[in-house]
Amino acid sequence: MRVALMVTCVNDAMFPDTGKAVVRLLRRLGVDVDFPTGQTCCGQPMVNTGYLDEAVPVVRTFVHAFAGYDAVVTPSGSCAGSARHQHSIVARRSGDAGLEKAVAEVSPNVYELSEFLVDVLGVADVGAYFPHTITYHPTCHSLRMLGVGDRPMRLLRQVRGMRIKELPAAEQCCGFGGTFALKNSDTSVAMGNDKARHVGETGAEILVAGDNSCLMHIGGMLSRQRSGVRVMHLAEVLASTEDADPPMHPVEAHPVDASRSDIGGRV
Amino acid sequence: MSATFVGMPAFPVAARTALADTQLRANLAHATGTIRAKRAKVVAEVDNWEELRLAAAGIKDNTLLHLEEHLVRLEESLTRQGAVVHWARDAAEACTIVADVAKSHGVDEVVKVKSMATGEIELNEALAKEGIAAWETDLAELIVQLGDDLPSHILVPAIHRNRAEIREIFLSHMAAAGRPAPDDLTDEPARLADAARLHLREKFLRAKVGVSGANFAVADSGTLVVVESEGNGRMCLTLPEVLVTVVGIEKIVPTWADLDVFLQLLPRSSTGERMNPYTSTWSGVTPGDGPQEVHVVLLDNGRTRALADDVGRQALRCIRCSACLNVCPVYERTGGHAYGSVYPGPIGAILNPLLKGVGVDAQTDSLPYASSLCGACFEACPVRIDIPSVLVDLRAQVVDSHRGDRFPKAEALAMKATALAFGSGGRLGAAEKASGLVGRLLGGGGRRRLPGGRKLLGRLPGPGAAWTDARDLPTPPAESFRAWWKRTGGRG
Amino acid sequence: MSARDDILAGVRRALREADTSPVHVSRGYRDTRPADVHLFVERVEDYRAVVVRCALDEVEARISDALPRDARAVVPDGLPWRVPGSVADDGLSALDLDDVDAVVTGATVGIAETGTIVLSHGPGEGRRALTLVPDLHVCVVRADQVVADVPDAFAVLDPDRPTTWVSGPSATSDIELDRVEGVHGPRRLHVIVAG
């Protein structure tokens, strides 16, 4: 089976540790994952903002990079959703029958990480060890666009040494929403504050999710609120083992200032 | 009522005001939380819910795709049953028809059942100009009308008001409209409902003309359906001598039997009940029972425009249950006024642009962006309207309507530049190197780090400030994933 | 061009390029199930209506129990049960009806799944205003009129008749989505399930 990593533009540029974790995890499970260097982005930022013409070359680059692989694995529910649900719309818009055909061949092979592990590899216990207390946020696109269901939780429940706290109102959107976070930043922030508050209520040390863009938003609020809770991608948790605890940067001691940990505290 | 949605600012601006209103946010969180739980409970009771949703979507789609045939049949059936059928291209025509009927009976007032269509065409304001008072009789509509307010929810237009505010409105404004509220009125919901009962009773008993909308219009029998709770609908549909019903042309179902799926879906989705207290069905005039003069106004007002939209057409399946509002995380925080229309929430974010067209005014164009695309609305919709997909399609229409602009927006230029960077892996790698450099420069002075140790960026310039004003952002890493892979072959 | 012709032309234009092939609608939800009278009683009670069960020959006694002493009751033509002291509906005005305390009627269908009673306003049920204006509605539903669910109800109802579907007393949830029983329609619903 030829397996490609679609690392996503956000992870490539901002969160390379997530991509490295996927590589480490898959290799541990015996999958020789490849990284096609022609890849860039799924095109979702353009599509979801209304720039379909601008998305055409991006989708073209995507299918070119990932053509010929049996599976394309990505640590992002949102980007997998874009490939599976939006690429055909972009291709139709392009009027390029060749692109439509290429999309029809590539997009069904795109898997979000937990789907690939559970459905393709058939594993739930990936041999991870992570001695921390976490809570899990099911991101909207993984939950409702892809329908990953409880796959991430099935994987997380097998991680040794880890305690999982239930997140209140877990299925409600964190308010990221791509360019929504900029165009409707007040609403986005209001949603993010509620999510951050719920995360705080769990008492977990770490918030885990399958999309770094959502985590960048929630983590950015948790940090601004000096909550002391850090965020981590599902892949990094699953890649952790006794021998190799995650490549975690030394945690800097934050004085948790109660008066500043409420909503809207600024630097 | 002088309150109007005309001239509302674009969504982000209106939302900011709403978000700052802590009372409003508390009222909304309480109300939407309550209704979400009720809905979830009664939907879970139905083991074939998904089958019902599919059937409803199919029936509506089949009807919309052959709408002309069904409209003509509806007209024939209504006429056969003794109703007078009128057609209205737009709001002004519809209002004129209703006003003319009222004037022909020499009345200076009508009683009204809550109706989205008459709200959409601003019938009350039009009748007021003709010297005819239109009394809203649904409790929530009464609260909105007496408070000179605007509706903020499809099912519960006064959802933004709590009991204390409602008591204030009744005490201050009921007297000017008829029977005053009792002096010892408390804010107990039962007492407030009783005050409304007494206030409206005299209006019901004397009214000569009733005005309603309809939840459904059955083509083969000419039956109209009104689904309600309080009995105000029955009062308006039954006691007056004359009844005028304004019906959007998309409200058709082909047969009486087709109603069997919708009357299972609507109450559970809407009020979270197995069945709403009252549903009335009537087919034209029934001798000796109810109004003996019955008018039906078939309203277009942008519906044919929506019908022409291949992706957006599905919005015309909407049965106005408001389940999408109640589950929407955006609506829950901003409330309905920010949408600038009687149709707020996710369905409003697609229906308004579909009815009015995009590229005309900035307020309407802002609506498709008033969503994080979380998909909760699609999941809750009883007629399976894929609202996120329609939103994305409408965003493209908004962008396309500005492609010819002489001065493209900064966003359009940014998207073009990003698309160029995303055009090849090599170009993206170069851009990442540059951004890493810029990021390290921007983050250079900051001492704070994210939990986990990453350095933070400072305040971003331009549109990026909308991010960093409320959220921290890590500096880009020293090495992108791409660069790491190139350096190590993935074995670093 | 008339508004009618304009709108119909607009509809045609809108669908000129649409794929109009019919969508298949599965009607599996209409599978018939047996009607459960116990469930009907439970579900009507859930709306905070009063429900009593009795034998067919006890209906008149139960009606009399349901009516408060000295209550002014009105009955429609064709009611198969005697209600002593009641007035017959001979075209009472709305104001007259407002002075009446109670109305006693039969029904056409009871729906077990939703606890709904459907009136089709023929003999024994009366015109629509009759069961609307008085504050107490005493409604007799025969057990053999109870059907399982909403589709079964539509199957037996005649669209040419006006119908009123009653699920409990009038109610509103318009204040903070808290349900309050008793608004404009009858504030009390008393259901006698007979047989």
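1. The C-alpha centres of domain 1 and domain 2 of chain A lie 23 Å apart, with bounds that come from an automatic or database domain assignment. That assignment places domain 1 of chain A at 3–120 and domain 2 of chain A at 133–260. Their contact (heavy atoms within 4.5 Å) takes 27 residues from domain 1 of chain A and 25 residues from domain 2 of chain A.

2. On provenance, this is a predicted model, in which local features need pLDDT of at least 70 and side-chain atom pairs count only at pLDDT 80 or more, while totals for chains, interfaces and linings use all residues. Residues are numbered from 1 along each chain as its sequence is written, chains are lettered from A and ligands numbered from 1 in the order in which they are written, and side-chain values use heavy atoms, with hydrogens and water left out.

3. Between them, domain 1 of chain A and domain 2 of chain A bury about 2200 Å², 62% of it on carbon and sulfur atoms; buried area here is the accessible area (1.4 Å probe) that two parts lose on being put together, summed over both. The count between these two domains of chain A is 1 salt bridge, defined as a side-chain nitrogen of Lys or Arg within 4 Å of a carboxyl oxygen of Asp or Glu. Arg151(A) forms a salt bridge with Asp119(A), with the closest N and O atoms 2.9 Å apart.

4. Across the interface of domain 1 and domain 2 of chain A, the rule finds 13 residue pairs in polar contact, both residues being at pLDDT 80 or more. A polar contact is a pair of N or O atoms within 3.5 Å; within protein, one must be able to donate a hydrogen and the other to accept it, and residues adjacent in sequence count only if both atoms are side-chain atoms.

5. The contact between chain C and chain B takes 73 residues from chain C and 94 residues from chain B. The area buried between chain C and chain B is about 7000 Å², of which carbon and sulfur atoms give 57%. Between chain C and chain B there are 14 salt bridges and 40 residue pairs in polar contact, both residues at pLDDT 80 or more. Asp194(B) forms a salt bridge with Arg187(C), the closest N and O atoms being 2.9 Å apart.

6. The largest nonpolar core has 203 residues, and those with the most contacts inside it are Phe170(B), Ile350(B) and Trp165(C). Such a core is a set of buried Ala, Val, Leu, Ile, Met, Phe, Trp, Tyr and Cys residues joined through side-chain atoms within 4.5 Å, where buried means under 20% relative accessible area, exposed over 50%, and partly exposed in between (1.4 Å probe, protein chains only). Leaving aside neighbours within four places in sequence, Phe170(B) has contacts including Leu139(B), Leu142(B), Ile143(B) and Ala196(B).

7. Which residue of chain A makes a polar contact with the side chain of Arg482(B) through its own side chain? The partner is Asp12(A), at 2.9 Å, and the side chain of Arg482(B) also reaches the backbone oxygen of Gln39(A) at 2.8 Å. Arg482(B) counts as buried because its relative accessibility is 9%. Its contacts, leaving aside neighbours within four places in sequence, include Phe35(A), Thr37(A), Leu428(B) and Glu432(B).
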